[in-house]
Each structure stands twice: as structure tokens, then as C-alpha cells.
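Hello,

Here is the structure I promised to pass on. My notes follow below it.

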Amino acid sequence: MRKNFLKLFAFFSILSMPLFAAGKTASVTTEVQSIDKHGNLNLAITSSTLATKGFSVTDIVTVKVESAKFTAPVVNDYTDVESGSYLVRVNGQEVSIAINSGNISSMTEAKIGSKVTITQKEHYGYLTTFHLRLLKKDDDRKHFSSDEVFANFREVKNNNIAPGRLYRFYNPLENNPRAQYASSLMESKGVQVIINVANTKEDMVTTYPMTTYYKNLAENSKVCFLNMGSSFTDESFNEKLKDALTFIADNPCEVYGIHGKESKNRVGYVVAILQAITGSTIDEIINEYMLSFENLYGVQKNRAQYDELAKSVKYMFANINGGKMPNDKNLQKVVEKYLLKNVGLSAAKLEALKANLN
């Protein structure tokens, strides 16, 4: 617990920058100043300079050194990433490039004086992962208040989404105690069309044994398998989002369901879009998004970690709007413009989508 507290303290203390950059991609060029005994590359730049340039802890960046080029998160400690993964480490004023449990000097053939370029790929792109690595998930049903909370199962509501129309839930086919509860709840609500953001259809055949109910929906082309990435700034995210929204628009029904693996990030982003175009306020969207972290990890409101995790959905809306956070008055207009211009959804599909949810 103390270690986690210290990490959080470091997170809030170092590179504290405004939440949104005004659509400008940060970039900096420096060089390798020294190489330690572990092969870590210590750079001739300070964390203060990184902050001035617009970088923040939990950014995902692209690093180029010698002939090597890779992506990495900006973090405080080696263990903030998986073993074998790249990282840009900020420790006080020191900045270094490393591989957790690896030798980056050997991997890149870098030497003292080697040129290093760091370019921001996704502002706060590692934010959720950073915080989740500090949390533990409880898979014991008896520790939860209801089957719904345990399965992260709930109805998505607002004045323009019909009652009982849209549900989100844990992957009902995962090898996890939550799956059977999600499957039973999905069936009890009569879900007729499913958006599966996590898997390919082949995954479901070869890796995840489908229940009879789910299999029947899939065989009748009522499941949209997206295999969506988790970064909403990638071009592929817009492509998959278009597929999901088009699928809903083309399949009018009484009850839709949407799930990923745990159904927090990717599902959270898609649901936030659906809420925005149907008139939800920003606070309503954030509360809905954060319920997954409350259900799965016990993250509590009015805590610093809750506020930090909530920044992910805020940043998505800011990114959609050219770096400026929308407000309740213009949110729907901003998101609809993004769907039409950037995602490539037609006006007719957008209207059909809203009509099917209503």
C-alpha cells in the first residue's frame, strides 16, 4: 500500500500539466548523456524541460534512437510497465529510456552522444493502465452487492435512449467467474444484437466456447465482432467505431448489448459517444464511464484516483474537438460533427442510429 501511495504521489507531483493540449503534438530532441550498468540510457534533458514542451507522465510517446524506433509510456518506475516493455522514466529531474528487466543499450546499439527524439503519440494514453496496475480486482462474487455489480452489468440510460434498450456488461464468454453472471443477465434482458469490441469471430470459435444463446445470435449475424484497439487516437479506432455504429443503425431491435473483455475502456468510449449523441451531459457520461471502475476495482468517488481515471473520457472528447473540452451545450453537436467528418458515418446512418436507440 505504501509503495502504491508513493507512486501516486510521484504521479501527481511530476510533470503536472493542464489536462488538454491545444491540438499540438509535443516533440523534443536530445542525446544520451550516460549509460548505467543496467544499460539504461540517461538523457541530457530534465523532466522540467519535458513538461515545458507539453509532455506528461502517462503519455504514450514514440522514441527514436539510432536505427531503433518504438513506442513507450512516460512513467515513474520500471515496474509501471510489464517485464520486457519499453519505458521513458521520469525520476525527479532525471529522464531515462529503459526496458523493464532488459538492456536497452544493447537492443538499440546506443552510445553516449546518440541522438534521441521523443514525440508525443497519445496524451495521457497510458493513464488508465497506470492506475489499474496499482489496483487489485476481486473475483469473489460474495464480496459484491449484486450479480449486476459483479458482472459489471447495467443499463445505459438517458431521456433519449428508450428504457431497456441498451446494456453493457463483462464478456459473457471469458474464462472468469463474472462471465456466467454476465451471460445469464444478458439472456434475462433479452439482448438481441451484440457489439463485441474485444474479439474476432474466429476468437469466439477457437478460444471462447459460446453459449447456445450467444452462438445463435452470432450465427444469425446479430453479433458485430470488432477486435477494437484501446487507443481512440489511432485511425483504426475510427474504422471500428464506424462499424459498430453502422451495425446498430442497420439492425433495429428492442435490446442492444455491448461488451469488451471487462467492458471499461473501449466499451466506455463507445458508450460515451452513444450518450453524447442522445443528449447526455458530460457529468452523466463520466458517471457512467466510472461505474465500471467502481464495480471492478472499488475506485471511489471524490478520491484522486477516481478523478485521474475520469480524465480518459474527458480527453477523448477534447481530442475530438481539436484539443478543447466541449461543454454540455455543444457536446452533441461536436460529437455528431466528428462522426460525420472523421469517422465517415453518413447522415442517414447517424439518424437511423439515434432512432434505433430511442
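**Salt bridges and barrel**

Lysine 354 counts as buried, at 17% relative accessibility. Buried means under 20% relative accessible area, exposed over 50%, and partly exposed in between (1.4 Å probe, protein chains only). Its partner is glutamate 336: the two side chains meet in a salt bridge, 2.8 Å from N to O. Glutamate 336 lies in helix H13 (residues 331-343) and lysine 354 in helix H14 (residues 347-357), so the pair ties together parts 18 residues apart in sequence. Glutamate 336 is also buried, with a relative accessible area of 16%.

Some background before the rest. This is a predicted model: local features need pLDDT of at least 70, side-chain atom pairs count only at pLDDT 80 or more, and totals for chains, interfaces and linings use all residues. Residues are numbered from 1 along each chain as its sequence is written, and side-chain values use heavy atoms, with hydrogens and water left out.

A salt bridge here is a side-chain nitrogen of Lys or Arg within 4 Å of a carboxyl oxygen of Asp or Glu. By this rule there are 13 salt bridges. Among them are these:

- Lysine 311 and glutamate 308 meet at 3.1 Å, N to O. Both residues sit in helix H12 (residues 304-320), 3 residues apart, so about one helical turn separates them. Lysine 311 is buried, and glutamate 308 is too.
- Lysine 142 and aspartate 140 meet at 2.7 Å, N to O. Lysine 142 is exposed, at 65% relative accessibility. Aspartate 140 is partly exposed, at 25%.
- Lys137, Glu262 and Lys264 are linked in a network of salt bridges.

Now the strands. Helices (H or I, at least four residues) and strands (E, at least two) are DSSP runs, numbered from the N terminus. Two strands pair if DSSP finds at least two bridges between them.

How do the strands close up, and in which order? There are 7 strands in a barrel, ordered S1-S2-S6-S5-S4-S3-S7. The pairing is mixed. From one strand to the next, the twist averages 35°. Axes are lines fitted to C-alpha atoms, for helices over the stretch in contact, and angles run from 0 to 180 degrees between N-to-C directions.

Strand S3 (residues 60-65) and strand S4 (residues 68-75) run antiparallel over 6 bridges. Valine 63 stands opposite phenylalanine 70 in S4. Strands of a sheet pair through backbone hydrogen bonds, either parallel or antiparallel.

Best regards
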